[in-house]
Amino acid sequence: MLKDLVLKNRSYRRFYQDEPLPRHQLEALIELARLSPSAANRQPLKYIISNTPELNAIIFDCLSWAGYLHDWPGPQEGERPSAYIIILNDTVIGPSGCDHGIAAQNIMLGAVEQGWGGCIIGSVKSEQLATALALPAQFKILLVLALGKPKETVVVEPVDSSGNIEYWRDADNIHHV
């Protein structure tokens, strides 16, 4: 059921890095994104797949991982994503509107259905990543999706009376959101 996928779809930030996510599965996830609604059916989104250690390392260095975990620079070696999908806007075609949010959610739900997990990352050093990837100027980086087999437990907590929505990790490294 869709509700079950939504409930399992958490923002995972630690992975079993040595469990590869095959290219054909990444392409199937992009197919889910391609079939997503698109404003005026322009389909300005383009995608870059990464599932090699070399390219993954370049992408990793251009990401910020958890704004509320101020002293955590991101997953350590061995716990990093085994794959990424970078969502781009082809500005020659037109603006993306909210297309990239819909596409990212479809990719994440598809990943969960296949037994994977991920994190939608909007905090990207876009110029640094665009330069490293030698992207033509017409492509604007919108989001980076970190993907892999989750290596952490995420617990959904009710919002307390203070209204605090910040996520946190406990002494057992369980992520509470």
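The structure is a predicted model. A40 has a phi near 55 degrees, and the phi of A134 is also near 55 degrees. H176 belongs to strand β7 and is buried.

**Backbone: positive phi**

- Most residues other than glycine have a negative phi.
- A40 has a positive phi, near 55 degrees, although A40 is not glycine.
- A134 likewise has a positive value, near 55 degrees, in a residue other than glycine.

- A134 is placed in the loop between α5 (126-132) and β4 (139-148).
- The relative accessibility of A134 is 63%, so A134 is exposed by the cut-off of over 50%.

**Setting of H176**

- Strand β7, which contains H176, spans residues 175-176.
- H176 is buried because its relative accessible area is 8%, where buried means under 20%.

**Partners of H176**

- The side chains of H176 and D170 are joined by a polar contact of 2.9 Å.
- With neighbours within four places in sequence left aside, H176 is in contact with V155, E157, Y167, W168 and D170.

Note on methods: Residues are numbered from 1 along each chain as its sequence is written. This is a predicted model: local features need pLDDT of at least 70, side-chain atom pairs count only at pLDDT 80 or more; totals for chains, interfaces and linings use all residues. Side-chain values use heavy atoms; hydrogens and water are left out. Helices (H or I, at least four residues) and strands (E, at least two) are DSSP runs, numbered from the N terminus. Buried means under 20% relative accessible area, exposed over 50%, partly exposed in between (1.4 Å probe, protein chains only). A polar contact is a pair of N or O atoms within 3.5 Å; within protein, one must be able to donate a hydrogen and the other to accept it, and residues adjacent in sequence count only if both atoms are side-chain atoms. Contact means heavy atoms within 4.5 Å.
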